[in-house]
Amino acid sequence: MTMKSIGFVGTGAITEAMVRGILAEPAYVSEIFVSPRNADIATRLAVEFNAVQIASDNQAVIDRTDVAILAIRPQIAEEVLTGLTFRSGQSVISVVAATERQSLLQWIGADVHLVQAIPLPFVADRQGVTALYPPDEAAAELFDTLGRAIQCNSVKEYDLLAAASALMSTYFGFMEIAVDWLEKNGLERAKGQTFLAPLFHGLALRADQPDIVSFEALSREFATKGGLNEQVLSQFGGSGGRDALWSALDSVLARIERAKPR
Ligand SMILES: NC(=O)c1ccc[n+]([C@@H]2O[C@H](COP(=O)([O-])OP(=O)(O)OC[C@H]3O[C@@H](n4cnc5c(N)ncnc54)[C@H](OP(=O)(O)O)[C@@H]3O)[C@@H](O)[C@H]2O)c1
């Protein structure tokens, strides 16, 4: 997979985030083609970046680029892909969620080099961790530029990370529950938010250091024996916190696996 020009079929939220990350200085490629839909986003990107051109249609994106990135919603993937002609050996990265590799290949209808990836919105700031399958050095280099790539050795690994990526909303939900509790007990909401956001930011930075052996060790590091942190952790687990999280992840994984034709 060589990348001089990158094309996007589907110019929505994740395409905008990727284009912004790819073209942050120093830009990763000098030429990006986007499909005309969504017109507002395509125009915004083309106005802001000289490197971005709006292709006449999806086929022009495929024809004019080294690497085509499929960024359409799963519901229309079959209709869109079966209407396009790909080159044999062409490099394709699909970020279409919950869609099986075999289905994508069947709809593409050519012997392309296909990698699936799960970029997150933080790629816009080159801070996104992206799971990809199968392992591919060129795709990994692209996603390392946009943050960090995790190359999965099996579909199972890829599906597990897709399930883990569904924790984002719960992360903020967890903070919101704490802010609710602070407010109910008399603290201004704004003060609760101002306190918790940097607290969680600091913890996330600590967790992402190279010396970290396990999150369990970190959890112990932050819990004095008999102290307040230890009490919350123990009471949270004892009241079903861990079970609730596992059960939600089990359900999400089952949904990801169910979404695929056998
Ligand atoms: N957003 C994320 O954080 C994220 C992360 C990882 C993966 N994904 C996956 O990436 C894909 C895109 O997600 P998204 O959040 O970017 O969705 P989105 O904002 O809805 O973008 C999809 C875009 O596709 C355009 N479109 C509709 N019909 C089209 C066609 N026939 N040809 C070309 N483009 C067409 C839509 O344009 P109109 O607005 O004109 O209809 C829309 O702008 C999905 O499969 C999603 O699961 C998203």
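Q: Where is asparagine 38 found?
A: Asparagine 38 sits in the loop between β2 and α2. Helices here are DSSP runs of H or I with at least four residues, strands are runs of E with at least two, and both are numbered from the N terminus.

Q: What kind of model is this, and how are residues numbered?
A: This is a predicted model, in which local features need pLDDT of at least 70 and side-chain atom pairs count only at pLDDT 80 or more, while totals for chains, interfaces and linings use all residues. Numbering starts from 1 along each chain, following the sequence as written.

Q: Back to asparagine 38. Is the peptide bond from arginine 37 to asparagine 38 cis or trans?
A: The bond is cis, with omega near 0°. Most peptide bonds are trans, and most residues other than glycine have a negative phi.

Q: OK, the ligand. How many residues surround it, and which are the closest?
A: The ligand is surrounded by 24 residues, and the closest are Gly10, Gly12, Arg37, Asn38 and Ala97. A residue counts as near a molecule if its C-beta atom, placed from the backbone, lies within 6 Å of it.

Q: Which elements give two or more residues to that shell?
A: They are α1, residues 13–22, and α4, residues 74–82.

Q: And what is the shell like by class?
A: There are 15 nonpolar, 7 polar and 2 charged residues in the shell. Nonpolar means Ala, Val, Leu, Ile, Met, Phe, Trp, Tyr, Cys and Pro; charged means Asp, Glu, Lys and Arg; the others, Gly among them, count as polar.

Q: α1 again, then. How many of its residues are buried?
A: 8 of the 10 residues in α1 are buried, so the helix is mostly covered. Buried means that 20 or more other C-beta atoms lie within 10 Å of the residue's own; exposed means 12 or fewer, and partly exposed is in between, with C-beta atoms placed from the backbone.

Q: Which ones, and what do they pack against?
A: The buried residues of α1 are Ile14, Thr15, Glu16, Ala17, Met18, Val19, Gly21 and Ile22. They pack against β1 (5–9), β2 (31–34), α2 (39–48) and β3 (52–54).

Q: How is β1 joined to β2?
A: β1 and β2 run parallel and are joined by 4 bridges. Strands are said to pair if DSSP finds at least two bridges between them. Isoleucine 6 has isoleucine 32 in β2 as its bridge partner. As for burial, 4 of the 5 residues of β1 are buried.

Q: New topic. How many residues are in the largest nonpolar core?
A: That core has 48 residues, and those with the most contacts inside it are Ile69, Leu70, Val95, Ala117 and Leu132. A nonpolar core is a set of buried Ala, Val, Leu, Ile, Met, Phe, Trp, Tyr and Cys residues joined through C-beta atoms within 7 Å.

Q: Which element gives the largest share of this core?
A: α1 does, with 5 residues.

Q: What is isoleucine 69 in contact with?
A: Apart from its neighbours within four places in sequence, isoleucine 69 is in contact with Ile6, Gly7, Phe8, Ile93 and Val95. Contact means that the C-beta atoms of two residues, placed from the backbone, lie within 7 Å.

Q: Which residue stands opposite alanine 117?
A: Leucine 132 in β7 does.

Q: Does β7 run parallel or antiparallel to β8?
A: They run parallel, with 5 bridges joining β7 to β8, residues 147–151. Valine 129 is bridged to arginine 148 in β8.

Q: What about the loop between β6 and β7?
A: Arginine 126 is found there. Its phi is near 55°, a positive value in a residue other than glycine. Arginine 126 counts as partly exposed because it has 16 C-beta neighbours inside 10 Å.

Q: Last one. What are the domains, and what separates their centres?
A: The protein is divided into domain 1 (5–153) and domain 2 (167–258), with bounds from an automatic or database domain assignment. Their centres, taken over C-alpha atoms, are 33 Å apart.
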